[in-house]
Amino acid sequence: MVHADHGIGIFVGLVNRTIDGIEREYLCIEYADEAQLFVPVHQADRVTRYVGADNRTPTLSRLGGAEWRSVKGHVKEAVVEVAQDLLDLYAQRSVVEGYAFASDTAWQQELEASFPYVETEDQVRVLREVKSDMELSRPMDRLICGDVGYGKPRWRCGRRSKP
């Protein structure tokens, strides 16, 4: 688990604790050196599941240490850098002229009519939106994703690539 303020720990379980005569439920998270943190259930939004780049076990944070603050600081710097890179990229793309495709020809319409499957409402909408984008003279900025076997091979035929 990752606590926003304390870093990476291991979720031990839910425990009931009585503090000042009030019994509450807490998430118990264990950190380095067997230190434990009890997070009130109503603050569970401060805790998320750890997702790493690979399958190796992460190093546990030390409670009260400066290491986690340092890691968060480096991440914030990296996020700002990525955001700046994206802003620069989109600024560059906004002044570049792309290739504008012509409207569909009769042959294109005939090819599409021969497609042996019935498109879903969403597929028809995406087709219309992509074609509209392709007829503009700006670089296209669209990602289409979906499950295998649901109509994406159609994009390999017809006018989908620059002549």
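## Close-up views of a predicted model

**View A. Ser-61 sits in the loop between β6 (47-48) and α1 (67-95).** Helices (H or I, at least four residues) and strands (E, at least two) are DSSP runs, numbered from the N terminus. This is a predicted model, in which local features need pLDDT of at least 70 and side-chain atom pairs count only at pLDDT 80 or more, while totals for chains, interfaces and linings use all residues. Residues are numbered from 1 along each chain as its sequence is written, and side-chain values use heavy atoms, with hydrogens and water left out. Is Ser-61 buried or exposed? Ser-61 is buried, with a relative accessible area of 8% (buried means under 20%, exposed over 50% and partly exposed in between, using a 1.4 Å probe and protein chains only). Leaving aside neighbours within four places in sequence, Ser-61 is in contact (heavy atoms within 4.5 Å) with His-6, Gly-7, Ile-8, Tyr-31, Ala-32 and Trp-68. Look at Ile-8 in particular: its backbone nitrogen lies 2.8 Å from a polar atom of the Ser-61 side chain.

**View B. Three strands form an open sheet in the order β2-β1-β6.** The pairing here is antiparallel, where two strands pair if DSSP finds at least two bridges between them. β2 (7-8) and β6 are the edge strands, each pairing on one side only. Strand β1 (residues 2-3) is joined to β6 by two bridges, and His-3 has Val-47 of β6 as its bridge partner.

**View C. Strands β4 and β5 make a hairpin with five residues between them.** Five bridges hold this antiparallel pairing. Glu-30 stands opposite Gln-36 in β5. In the hairpin, find Asp-33, which takes a positive phi near 60°.

**View D. The largest nonpolar core has six residues.** They are Leu-27, Ile-29, Tyr-31, Leu-37, Val-39 and Val-47. Two or more core residues come from each of β4 (22-30) and β5 (36-40). A nonpolar core is a set of buried Ala, Val, Leu, Ile, Met, Phe, Trp, Tyr and Cys residues joined through side-chain atoms within 4.5 Å. Besides its neighbours within four places in sequence, Val-47 is in contact with Met-1, Val-2, His-3, Leu-27, Ile-29 and Val-39. In soluble globular proteins, nonpolar side chains tend to be buried together.

**View E. Helix α3 (residues 121-134) has a buried face.** Leu-127, Val-130, Lys-131, Asp-133 and Met-134 are buried in α3. Seen down the helix axis, the buried residues fall within an arc of 155°, so they line one face of α3; the arc is that of the directions from the axis to the C-beta atoms. These buried residues pack against α2 (106-113). Glu-121 and Arg-128 are exposed on the other side of α3.

**View F. Asp-141 is found in the segment after α3.** Asp-141 is partly exposed, with a relative accessible area of 42%. What does Asp-141 touch, not counting residues up to four places away in sequence? It touches Tyr-90 and Arg-93. The side chains of Asp-141 and Tyr-90 are joined by a polar contact of 3.1 Å (a pair of N or O atoms within 3.5 Å; within protein, one must be able to donate a hydrogen and the other to accept it, and residues adjacent in sequence count only if both atoms are side-chain atoms).
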